[in-house]
Amino acid sequence: MAVLEGSSGQVVTAADSGGTETAVANVRSWTVTHEKAAIESTKMGDAARTYISGLHQFSGSMEVVYDDTATGLGIFDPSADATLRVIFRTTTTASKPQYEGDVIVTSVARTASFDDLVTATVDFQGSGPLIESTTS
């Protein structure tokens, strides 16, 4: 696999896996963390701790340049009970990695600084599996 450069990445939302995609405007960066629980199985008499594989989950965040009229940002509202289908693309070029799953928005933080643009950081928790595929 070739080295990827992140400036042409993209975050896209869809109603479900077959829904119409909507690109989220003004994305500056995104992070998706995929992790698995290690369940301790150590018992009395063991000389070292042992573990078994548990369930996996994903979570993450994205930073956007804040614009209250921008396409797609309004759906990232932690007061809504909706689960969103989100696709995180490393690039819009075909046959490159992307990550897709359902998310629940857990927080939105808006930041203003005298020497920078106003940004919003959206944190989310995945619900169900994280699917790794390639862009089409």
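Biologist: Let's begin with the count. How many salt bridges does the structure hold?

Modeller: Side chains of opposite charge can pair when their charged atoms come close. In this predicted model, the number of salt bridges is six.

Biologist: R28 and D116 meet in a salt bridge. How many residues apart in sequence are the parts that this pair ties together?

Modeller: The N to O distance between R28 and D116 is 3.9 Å, and a salt bridge needs the two atoms within 4 Å, so the pair counts. R28 belongs to strand β3, while D116 sits in the loop between β6 and β7. The pair therefore links parts whose separation in sequence is 88 residues.

Biologist: Is D116 buried, partly exposed or exposed?

Modeller: Buried means under 20% relative accessible area and exposed means over 50%. D116 has 44% relative accessibility, so D116 is partly exposed.

Biologist: Which residues do salt bridges with shared partners join into one network?

Modeller: Start with D102 and R85, whose closest N and O atoms lie 3.2 Å apart. D102 is in strand β6 and R85 in strand β5, so this pair ties together parts 17 residues apart in sequence. R85 is buried at 12%, whereas D102 is partly exposed at 26%. Through shared partners, the network joins R85, E100 and D102.

Note on methods
Residues numbered from 1 in each chain as written. Predicted model: local features only at pLDDT ≥ 70, side-chain atom pairs only at ≥ 80, totals over all residues. Heavy atoms only, no water. Salt bridge = Lys/Arg side-chain N within 4 Å of Asp/Glu carboxyl O. Helix = DSSP H or I, 4+ residues; strand = E, 2+ residues; numbered from the N terminus. Buried < 20%, exposed > 50% of the residue type's maximum accessible area, 1.4 Å probe, protein only.
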